[in-house]
Amino acid sequence: MLPAELLTTITTLALALLVLGGAVCVVTLSNLFRAALCLGVVLVGVAACFLLVQAEFLAFVQILVYVGAVLTLIVFAIMLTARITEQPSGPARRQGGLAAVVSLALFALLAVTTQTLAWPQPAQEPIPLGTLGQQLVTTFVLPFEVVSLVLVAALVGSVALAASPRRAPPTR
Amino acid sequence: MSLVRALLLVSCALFSLGVYGILTRRNAVGLLLAVELILNASALNFVVFGRVFGDVHGQVFALFVIALAACEAVVGLAIILTLSRTARTILADQVNLLKG
């Protein structure tokens, strides 16, 4: 029987490897379909990280919205544009070296900044789901409604954008 | 290393990888994948901060980030589909319809 702390460490390490390995595949694979599947791995890994900090509802939302909806959409888009993508048109990537330097510098900056801070120990009790729901419909009711409005506007707008162009109705 | 520091490190690395993807990808769908990585990193940060400080705001904002990421993906994919229809390309550096 492993002690709980060791178990947490092992789980965190495995999750970090899964998420970061998947993310490296997402940005480096030249086959976009495989990159999208790796994105699925990353999203599930992040959901597991949510579980690790006892945010169960967020983990479910992540899997439902991201893996269920967004990833499906992206796979659809990749398949719909596959015929265009197959035409050879130069390298799949550009300015790789410079981008690597910039992103490594950014990572170093962020890591040094966050790791040198003194973080308090997490609170013993996780946030109960009831509090989250109550806050959503009391304190955050305005942002909540605005987000719903944005969602509707985005859906209607994208349908209007992506619908096949129709001829204008005959004018009398 | 505590759980909080480890998760923050993962989030930083995820963000930087997303930036790398945005800087290097030519395909517009690839850019969207990289943006999803960045948004996930920020949501993970919000949740971890909410846990550390015992505050519900972190989870609420992570929810908003996830919902707005879904909006962004929908609109982005609609634009890419329209682009593939009108400009016959989805390589971001070949789209110059607005160039004077």
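A residue is called buried here if 20 or more other C-beta atoms lie within 10 Å of its own, exposed if 12 or fewer, and partly exposed in between, with C-beta atoms placed from the backbone. The model is predicted, so local features need pLDDT of at least 70 and side-chain atom pairs count only at pLDDT 80 or more, while totals for chains, interfaces and linings use all residues. Residues are numbered from 1 along each chain as its sequence is written, and chains are lettered from A and ligands numbered from 1 in the order in which they are written.

**View 1. A69(A) sits in helix α3 of chain A.** Helices are DSSP runs (H or I, at least four residues), as are strands (E, at least two), numbered from the N terminus. A69(A) has 13 C-beta neighbours inside 10 Å, which is why it counts as partly exposed.

**View 2. Chain A is built from seven helices and zero strands.** Of its 172 residues, 21% count as buried. Take the contacts in chain A (C-beta atoms, placed from the backbone, within 7 Å): among those between residues at least 6 apart in sequence, 47% join residues at least 24 apart.

**View 3. Here is helix α1(A), with its 25 residues.** From first C-alpha to last, α1(A) reaches 36 Å, close to the 36 Å expected at 1.5 Å a residue (1.5 Å times one less than the number of residues). Its buried residues are L15(A), V19(A), G22(A), A23(A), V26(A) and V27(A). Their cover includes α2 of chain A, plus α1 (3-24) and α2 (28-52) of chain B.

**View 4. In chain B, the axes of α2(B) and α3 (residues 57-86) come within 8 Å and cross at roughly 175°.** Axes are lines fitted to C-alpha atoms, for helices over the stretch in contact, and angles run from 0 to 180 degrees between N-to-C directions. The two helices, α2(B) and α3(B), are therefore roughly antiparallel to each other (angles over 145 degrees; under 35 is roughly parallel, 65 to 115 roughly perpendicular and the rest oblique). Their contact has 17 nonpolar, six polar and three charged residues.

Notes
Contact = placed C-beta atoms within 7 Å. Nonpolar A, V, L, I, M, F, W, Y, C, P; charged D, E, K, R; others polar.
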